[in-house]
Amino acid sequence: MSHANKPELIINGKRTDGRDFNELRQLKIEAGILKNAAGSAYLEWGNNKVLAAVYGPREVVPKHLTDSTKAIVKCRYSMAPFSSLSEHGRSGPNRRATEISKVIKEVFENVIILNDYPGSEIDIFIEILQGDGGTRTAGITAAAVALASAGIAIRDLVYAVSAAKIGENLVIDPHMLEDNYSDADMPVAVSPKNKEILLLQMDGGYTREELKKAFEMIFTAGEKITEVQKDSIRKLYESVSK
Amino acid sequence: MSSMDLIRSGYIKELLENGKRLEPRGINEFRQIAIKCNVLGNAEGSAQVDLGNTRVLAGVKMVVEEPHSDTPDEGNFIVSAELLPIASAEYETGPPSPSAIELARVVDRGIRAGNCIDLKNLSIDKEHVWSVYVDLYVLNYDGNLFDAGTLAVMSALATSKIPKFENEEIKHTESDEPLRVDNTITSTTFCKIGNKIVLDPNGAEEAAMSTRLTITTDGSCIRAMQKGLSGSLSIEDINNLVEISFSKYDELKKQIQSVLNR
Amino acid sequence: MRKIVLPGESIQNGAKRINGAYVSSNQTYAAVVGMYDDERGTLVPLEGVWLPNVGESVVGIITYSKKSVYEVTLTDFVGGLIILDRYSREHFEVGDVIRATISAVERKNRAILERCEVLKGGVLLNIKSVKIPRVIGRGDTMIKQITEFTKSQIAVGRNGLIWINGGNIDLAISALVKIEKEAHTSGLTERVKQMLQAGK
């Protein structure tokens, strides 16, 4: 992004949306929202609106991709044409979406207990209906809930969030403007059980110390994200007595 | 994974238990690197890198285009990659696979984040900017396309020349100026096999790996990182690999600079 | 004490083979969302993918036939196989709805079927397989009260497919859908009874 008209991102120690450096945007998740999918979740994170759906385990198409010892995972991350403020996007995969689909697939290949579903395919769809920075981390966070609501065996409920650097300051969960003008951006997906890193991408510039601090901020934020994910699943089973 | 790969991966893991690899090489040692520049006569810049038996070719083409509306005073820099079917029995013809796209984008991000090319410097006038297209052609696959790719692109850019743009025409002359490259970035790619992590995996080691991490640095800062595949890494793993990455910067930078002095 | 557990949550120290859970580093963790009873050490999945077991009763649709071998769809993931011997007088058509018992399981998702019976007419309802035990009820109490009130013939497949024929089909479907939705709650048998009585 051109830095010619770089806006002030931090004013009087607060971010443009009034948040503190370590404050997450508001996060809401609703599980089981699509009736045909095996599992699904709708997520609103700041101004992001994301729909995640899981199909399967089901027959592998095309057949020659079948692995008789375990399930194969396919993932499609896609930004809807109306998702961006400034443009009408063309539908269909572009290079960015292809790369993101690949790295997200790799997260779930780790946590799904693939051996439980040999010879099958598990499909994860992430649709970005409205994007405002952090769409891949929002997508992963939603897809984890969708998998749990599908009852597909997973080792852990993974979450994802980004840490960015603005000038000298590290901030958690950047929105789009911060993302575009930041000096570093690092989306990370974590399996909270053992704090294992399942997705890690970064570009910009971090010193070793900044990197360590960024991970700490991510783990702290992760505790809150996990609670929202868990609540959304528990909510499906709230007692119904009439 | 073919059955051959499974047999070898067992053997590779055994060797690693004793700190050994298939070749006589340390776990944090690169294979032999050979870089040749100016190998493509019609390109504005080029480099062929051999990293062990992995061979990649980077070609730079400079094209004059209209600037993008959101960056009116900047030129463009785009890296693409192709895993040619000739490079490996596993590669097929067709549009770029997700792996090819990932390779291109990771190398691209490393160079961009390292501020190696000042895009403002590529502006000619209000309607014309230089677009630097770099195409990475993988000619032979034997592991670690990321580091071979980064070396090839950095070397090709370092020896590129900007043609003259006069009267709406691109003219190549003997006195063309070199493309200005402000920084050098280097990348180190590690792979996790079992619970051991090695630098610069060859093809057999990549068949045995569960996770891959590429770290790109400019010697003082971490400029880019990409974790690949479905294994996991701990924070300790990542911090250790960052240290090793910094320690390799000087030796890799020397390799790139040695071609400049030829 | 029963409580809802979520994937990744530890349910027991030590390695224990529990359906819906997995073992790692000598600890047992939930793999699906379920109701964990710490006194009994059981995990009842609230969501799950049905895996066939010998002896289970299923309802399926014949999708392919060749000579005396028939392929049966049980779920998106699990297929059934009927292998008749040369002298068998039994015969099925593609599209037939059948009820059968699982005599053997191959490779996790292939069930060999025996004692197959064609179910003619009626409708097929597909509900989540994890809810089927609740549809049957302890000692068949739940399914019995549904058939009593609706006077419908009902075949319940452990794979999630339910065949309903005759009687008050709409009332039967309403009751089954209600059970699927409220399977995790208490007092359900009574509430379903009230609904059946009201809907008669």
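Q: At what angle do helix H2 and helix H3 of chain C pack, and how far apart are their axes?
A: In this predicted model, helix H2 (residues 141-150) of chain C and helix H3 (residues 169-182) of chain C pack at about 155°, axes 10 Å apart. Axes here are lines fitted to C-alpha atoms over the stretch in contact, with angles from 0 to 180 degrees between N-to-C directions. Helices are DSSP runs of H or I, at least four residues, and strands are E runs of at least two, numbered from the N terminus.

Q: Why is H2(C) called roughly antiparallel to H3(C)?
A: The angle is about 155°, and angles over 145 degrees count as roughly antiparallel, so H2(C) gets that label against H3(C).

Q: What makes the contact between H2(C) and H3(C)?
A: H2(C) brings Met142(C), Ile146(C) and Thr150(C), while H3(C) brings Leu171(C), Ala172(C), Ala175(C) and Ile179(C). Contact means C-beta atoms, placed from the backbone, within 7 Å.

Q: How do these contact residues divide by class?
A: There are 6 nonpolar, 1 polar and no charged. Ala, Val, Leu, Ile, Met, Phe, Trp, Tyr, Cys and Pro count as nonpolar, Asp, Glu, Lys and Arg as charged, and the others, Gly among them, as polar.

Q: What does chain C average in pLDDT?
A: Chain C averages 93, and 100% of the residues score at least 70; pLDDT is the predictor's confidence in each residue, from 0 to 100. Local features need pLDDT of at least 70, side-chain atom pairs count only at 80 or more, and totals for chains, interfaces and linings use all residues. Residues are numbered from 1 along each chain as its sequence is written, and chains are lettered from A and ligands numbered from 1 in the order in which they are written.

How values were computed:
Angles under 35 degrees count as roughly parallel, over 145 as roughly antiparallel, 65 to 115 as roughly perpendicular and the rest as oblique. Two residues are in contact if their C-beta atoms, placed from the backbone, lie within 7 Å.
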